[in-house]
Amino acid sequence: LWRASVNRLQAEQIRDSMFAVTGELQQKLGGPSVSGKTPRRSLYVKAIRNTPDPFLAAFDMANGLKSVAERNTTTTPTQSLLMINGDFVLARAKKLAERLTKEKFDSTARRLDYAIRLTWGREPTEQERAAALRFLGENPDTAKWADFCHVLLNSNEFLYVD
């Protein structure tokens with residue numbers, strides 16, 4: 001094959017990446033398991049059989065009761081709705097916006113470039129920068145940045161490895 005297929009991040013990778021870009025991810029290794037709301041790697045999240053974590057379950061989390069050679073990767077409307085309306089994703093967008101507005105930048109464009117570098121791992125194109133600056137306006141407040149961050153976290157650039 002001359003080119004690898006596009007792959008979506010797995011449930012745990014999406015969750016961990018969201019915590020990482022917001023600066024919330026706790027780097028502590030080992031220790032007891034934690035609830036799904038704690039910003040530790042998904043590896044440490046408690047797996048309760050009757051009440052799985054809704055975010056991880058929506059993105060095809062592996063069944064902890066048996067060995068799974070290959071994980072299902074589905075794309076469903078429920079996943080999209082969870083990413084758009086879910087409390088977890090909205091909270092991460094707000095935290096990312098807070099992180100961006102706390103840092104000192106000399107212009108909205110530089111802050112925008114930093115946000116895209118954090119989430120997408122690359123510099124924005126001129127077209128992307130222009131569209132984002134039109135959306136943000138002159139002096140965007142934290143709520144406007146949160147809306148923009150929500151878009152970044154929902155983008156294919158964030159959720160898929162190309």
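Close-up 1. Asp113 is a residue of helix 5, where helices are DSSP runs of H or I with at least four residues, numbered from the N terminus. Because its relative accessibility is 13%, Asp113 counts as buried, a class that covers values under 20% relative accessible area, with over 50% termed exposed and the range in between partly exposed (1.4 Å probe, protein chains only). Apart from neighbours within four places in sequence, Asp113 is in contact with Glu123, Pro124 and Arg129, contact being defined as heavy atoms within 4.5 Å. The model is a predicted one, in which local features need pLDDT of at least 70 and side-chain atom pairs count only at pLDDT 80 or more, while totals for chains, interfaces and linings use all residues. Residues are numbered from 1 along each chain as its sequence is written, and side-chain values use heavy atoms, with hydrogens and water left out.

Close-up 2. Once neighbours within four places in sequence are set aside, Met18 is in contact with Phe55, Met83, Phe88, Val89, Arg92, Leu153 and Phe158.

**Close-up 3. The packing of helix 4 against helix 7.** The two helices pack at an angle of about 120 degrees with their axes 8 Å apart, the axes being lines fitted to C-alpha atoms over the stretch in contact, and the angles running from 0 to 180 degrees between N-to-C directions. Helix 4 and helix 7 are therefore oblique to each other, since angles under 35 degrees count as roughly parallel, over 145 as roughly antiparallel, 65 to 115 as roughly perpendicular and the rest as oblique. Among the residues that meet here are Val89, Leu96 and Leu100 in helix 4, and Trp145, Cys149 and Leu153 in helix 7.

**Close-up 4. Ala58 in helix 2.** Ala58 lies in helix 2 and, with 17% relative accessibility, counts as buried. Beyond its neighbours within four places in sequence, Ala58 is in contact with Gln79 and Leu82. Ala58 and Tyr160 are 102 residues apart in sequence and 16 Å apart in space, C-alpha to C-alpha.
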